[in-house]
Amino acid sequence: MSHYMRPQPLDRKFLTPGVIVLLLLAANGLAWLAGRFLFGIGAVTNLNNQYPWGIWIGIDVAAGVALAAGGFTTAALGHVMHREAYHVVVRPALLTAMLGYTMVAVGVSIDIGRYYYIWHPLIMWNGSSALFEVGMCVMIYMTVLYIEFLPIVTERFIGRVNLPGPLAGLNAPVDRLLRLLDRTLDRTMFVFIIMGVVLSTLHQSSLGTLMIIAGPKMHPLWQTPILPLLFLLSAVAVGFPMVIFESLIASRSFGLKPEMPVLGRLGRMVVPLLGIYLAFKLGDLFIREAFVHLKTVTVESVMYVVEILFGIVVPLRMFMTRSVQKSPLLLFVAAALVVGGVLLNRINNFVVAYTPPYATEAYFPSIGEISVTVGFIAILVLLYRVIVLNFPVIGLPDRTLMPASKYSVRG
Amino acid sequence: MKSPSRRSFLKAGTAITAAAAGLTPRVAQAGPANILSPDRLGVLVDTTVCIGCRNCEWACKIAHDMPTPPLETYEDAAPMQEMRRPDETALTVVNKYDHPARPDLPTTVKVQCMHCDHPACVSACIVGAISKQADGAVLWDTDMCIGCRYCMVACPFQIPAFEYHKAIQPRIMKCDFCTDRRKEGKLPGCVEACPVEALTFGPREELVRVARDKIRRNPDRYLDHIYGEREVGGTSWMYLADRKFEELAFPKLAQDPAPGVSESIQHGIFAYFVPPVSLYALLGAVMWTTRHKHDDEVELL
């Protein structure tokens with residue numbers, strides 16, 4: 001069936017009650033953000049000299065990068081391994097990754113004290129810094145994602161360039177330029193696709209290296225030298241669940257038929273990926289004998305158990321079941337659990353596990369921090385909506401490609 | 001994406017490999033290990049001598065042109081009742097710890113940047129704004145810093161502070177070992193201000209000898225442990241005490257340099273770009289060999 005799908009701009013109106021809620025959340029986030037720029041980070045956040053990093057790093061940056069992993073995992077599956085059947089999910093995943101990394105970049109810029117020096121790492125290098133590597137990789141990968149998205153833009157406008165008023169004379173030259181760009185991209189795209197996968201494996205793992213330098217300041221349930229490996233494995237494991245998660249939300253929101261055969265198949269592929277992650281996570285826990293910290297009930301031990309149980313074990317069991325692979329609702333629950341589990345893992349690593357030696361009171365994000373993070377996510381969803389309404393991202397059944405049939409597919 | 005033609009694939013592949021090989025990784029960066037001078041300086045803090053007068057706190061603010069209350073106000077010992085930490089308004093503070101055996105004679109401990117020989121902050125800094133000087137000081141460069149606060153995450157002593165309430169040019173604030181004063185031939189502000197010579201300034205190796213000598217001559221007075229001699233690979237500031245350092249709120253740290261395994265991991269992943277380039281080649285090979293595959297397995301589910 002997916003062979004007859006063709007990505008097309010969706011014909012829906014932009015404003016819905018849900019969109020209005022998102023607009024309000026976005027406006028609230030931006031208002032708090034204005035406070036950060038006018039009065040400093042301390043005015044809006046609960047960050048202090050004990051807790052230098054909060055949810056802006058833990059969620060906006062670390063979880064943002066992890067949850068954008070659908071971009072490189074589907075690119076590897078669809079383009080590198082040429083599993084053409086999955087192409088229907090590649091474009092939405094690419095769009096999510098592109099928007100996700102944009103949010104990561106914006107998230108970093110607002111969290112650093114001197115946002116106007118964000119370009120410094122480009123010319124001031126520190127090869128021993130994990131953060132430097134993460135920064136460089138994210139910057140390059142974001143560019144690669146924009147390049148990977150360009151063919152969608154050229155596809156949208158080729159033959160349809162219609163500049164307003166006096167610029168109309170430029171229609172033909174712009175069209176020629178787009179066609180040239182399209183041809184060039186078509187020939188060189190594989191370079192960027194492979195590059196995107198390599199860059200992703202690099203910085204997904206280096207994000208894990210980040211907290212290793214905190215040494216004893218990080219709770220032993222999470223502090224381990226194999227953190228980079230765990231971060232990479234969890235990013236690979238969360239890629240497909242994230243694609244399933246957003247694909248089911250999108251089809252619901254736009255009233256489309258869910259891509260169940262493809263999504264169910266993706267869900268089955270999650271099993272070994274999540275299984276390997278679980279094996280390393282538990283193996284690490286036992287080899288380091290960190291399980292002793294689970295004997296007492298603390299915030300850390302509870303968070304750890306929740307992360308493993310509901311983020312890995314339950315969804316793993318679910319994805320193994322055939323009925324789950326066929327039911328949109330159950331598949332959605334399983335995918336949402338993995339997404340929530342990885343989100344929680346990043347929050348745990350960067351916020352919960354961080355226990356500075358001279359902390360007087362524990363960190364909890366302020367209303368301002370939460371507002372900004374929620375606002376960013378709202379803007380992300382809004383941009384996703386704007387783009388799929390205007391660009392060929394989501395695959396729709398194409399009658400011209402479909403064999404004549406008595407029944408038509410709703411969509 | 002359409003399958004690329006064989007020629008363009010090979011051409012671009014070669015270009016990428018050449019470009020990657022042409023990039024020289026800066027792994028051979030002048031790390032602290034290479035620049036540590038045997039004559040590097042340090043300070044030995046004898047907590048058994050310190051009387052908790054807090055003159056050093058006052059002198060530190062004067063030396064750094066920070067808002068400073070008059071010296072008389074420092075005679076008040078009340079602030080020492082609660083545990084304080086150096087912050088963006090005070091680069092050094094003195095804390096008081098009651099002694100269980102002698103309530104009238106508490107131990108007072110001056111806290112500031114330890115100026116590690118292998119500083120975690122230097123290793124962590126994204127732009128290399130923090131550097132270990134040959135003379136022992138760990139210095140921060142305002143022209144480079146982007147304010148990411150990773151140094152604060154990395155520091156095992158929880159020292160660097162940040163000006164959270166400045167919207168423009170917030171600074172990382174920490175002891176700079178009075179580098180400007182020393183250039184003028186003066187002692188660090190705190191050392192000069194100490195009325196009882198609890199602080200001894202000099203070459204670090206000499207200070208270790210002095211400390212050992214003190215311990216050897218007064219085994220009853222001192223615990224046989226120079227804090228900072230070996231902790232996190234050695235620090236420029238070192239401490240003597242008559243009781244366990246954990247009782248004085250010093251973190252219990254291993255002898256490995258503070259950056260720990262993070263640098264080895266970082267350099268392992270990027271060993272002359274071999275791992276990333278190999279991965280690139282592998283993925284390229286997979287892409288090339290599967291280019292004609294058209295699976296219909298989804299239909300079979």
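This is a predicted model: local features need pLDDT of at least 70, side-chain atom pairs count only at pLDDT 80 or more; totals for chains, interfaces and linings use all residues.
Start where the two chains meet: 67 residues of chain B and 66 residues of chain A take part in the contact, where a contact means that the C-beta atoms of two residues, placed from the backbone, lie within 7 Å. On the side of chain B that touches chain A, the elements giving two or more residues include helix H1 (6–22), helix H9 (262–269), helix H10 (274–289) and strand S6 (161–162) of chain B. Helices here are DSSP runs of H or I with at least four residues, strands are runs of E with at least two, and both are numbered from the N terminus. H10(B) gives the most to this side, with seven residues. Sorted by class, the side of chain B that touches chain A holds 40 nonpolar, 15 polar and 12 charged residues.

Residues are numbered from 1 along each chain as its sequence is written, and chains are lettered from A and ligands numbered from 1 in the order in which they are written.

How far can you trust it? The model scores ipTM 0.90 and pTM 0.89. Chain B averages a pLDDT (the predictor's confidence in each residue, from 0 to 100) of 85, and 85% of the residues score at least 70. Residues 9–32 of chain B stay under 50, and the model has 30 contacts for them beyond four places in sequence. Residues 296–301 of chain B are also below 50, with 10 contacts beyond near neighbours in sequence.

Now for some strands. Strand S2 (residues 93–97) of chain B runs antiparallel to S3(B), joined by five bridges; strands count as paired if DSSP finds at least two bridges between them. Strand S3 (residues 107–111) of chain B is mostly covered, with four of its five residues buried. Buried means 20 or more other C-beta atoms within 10 Å of a residue's own, exposed means 12 or fewer, and partly exposed is in between, with C-beta atoms placed from the backbone.

Past S3, B:His115 sits in the loop between S3 and H4 of chain B. B:His115 counts as buried because it has 27 C-beta neighbours inside 10 Å. B:Arg54, in the loop between strand S1 (41–46) and helix H3 (55–63) of chain B, has a positive phi of about 65 degrees, although it is not a glycine. B:Arg54 has 22 C-beta neighbours inside 10 Å, so it counts as buried.

Definitions and conventions:
Ala, Val, Leu, Ile, Met, Phe, Trp, Tyr, Cys and Pro count as nonpolar, Asp, Glu, Lys and Arg as charged, and the others, Gly among them, as polar.
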